[in-house]
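Hi everyone, thanks for coming. I'd like to walk you through one chain today, so please have a look at it on the screen before I start.

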Amino acid sequence: MSYVSPEMRAKFDEITGRYPRRQAAVIPLLHLVQEAHGSLPAEAQREVAEYLGIPAVKVQEVVSFYSMFTEKPRGRHHLMVCRTLSCALGGCQEVSATVERVLGIRHGQVTADGMFSVEEVECLAACDMGPVMQVGDTLHGHLDAGKTEALIEELKKR
Ligand code: FES
């Protein structure tokens with residue numbers, strides 16, 4: 001199986017054309033591949049590296065650095081709980097424990113029905129709203145156990 005179809009390759013060409021150096025397009029290319037396939041396994045990273053003419057380890061460094069990228073498939077709703085200092089001081093442990101209790105999974109896991117996955121991440125750059133959890137592209141702040149549980153129940157209805 002190829003992760004970079006001819007159609008995607010055409011989009012790659014269009015995107016890299018906007019940058020003075022092809023390698024600078026690594027992040028938007030990875031977004032495209034992840035949107036199409038749901039994750040970025042090693043083979044997908046290798047194909048992107050090959051296209052850009054850079055070592056695969058350079059792509060792997062980007063994928064492992066940014067929490068928006070994943071090497072493993074995620075649930076339909078991916079919950080990222082910030083565990084960095086401001087959120088820790090505000091009680092992110094309570095948020096994490098609630099997520100695990102309500103969904104019955106641990107961090108790094110996906111529910112059996114594929115609806116939810118959970119991950120603890122570093123600062124989401126919304127420290128004034130802590131404790132913070134990002135679901136998809138949306139940040140949810142000032143969370144406690146009750147608000148976290150209500151949010152998950154709301155997501156289950158979508
Ligand atoms: S410490 Fe949690 S968003 Fe910054």
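Let me begin with the cysteines: searching the whole structure turns up 0 disulfides, a disulfide being a pair of cysteine sulfur atoms within 2.5 Å. For C92, the closest cysteine sulfur belongs to C87, and at 6.1 Å that is too far for a bond. C92 counts as buried because its relative accessibility is 4%, while C127, at 39%, counts as partly exposed. Buried here means under 20% relative accessible area, exposed means over 50%, and partly exposed is in between, with a 1.4 Å probe and protein chains only.

A word on the model. It is a predicted one, where local features need pLDDT of at least 70 and side-chain atom pairs count only at pLDDT 80 or more, while totals for chains, interfaces and linings use all residues. Residues are numbered from 1 along each chain as its sequence is written, and side-chain values use heavy atoms, leaving out hydrogens and water.

Now the overall layout. The chain has 7 helices and 4 strands, in the order α-α-α-α-β-α-α-β-β-β-α along the sequence. These are DSSP runs numbered from the N terminus: helices are H or I with at least four residues, strands are E with at least two. Of the 158 residues, 41% are buried.

So what sits inside? The largest nonpolar core has 22 residues, and F12, L29, L30, V33, V48, L52 and V59 touch the most other members. Helix 1 (6–16), helix 2 (26–37), helix 3 (42–52) and helix 4 each contribute at least two residues to this core. A second, separate core holds 16 residues, among them I105, V118, M133 and L155. By nonpolar core I mean buried Ala, Val, Leu, Ile, Met, Phe, Trp, Tyr and Cys residues joined through side-chain atoms within 4.5 Å.

Zooming in on L29, its partners are F12, I15, T16, V48, Y51 and L52, leaving aside residues up to four places away in sequence. Contact means heavy atoms within 4.5 Å.

M68 lies in the loop between helix 4 (56–65) and strand 1 (77–82), and M68 counts as partly exposed because its relative accessibility is 32%.
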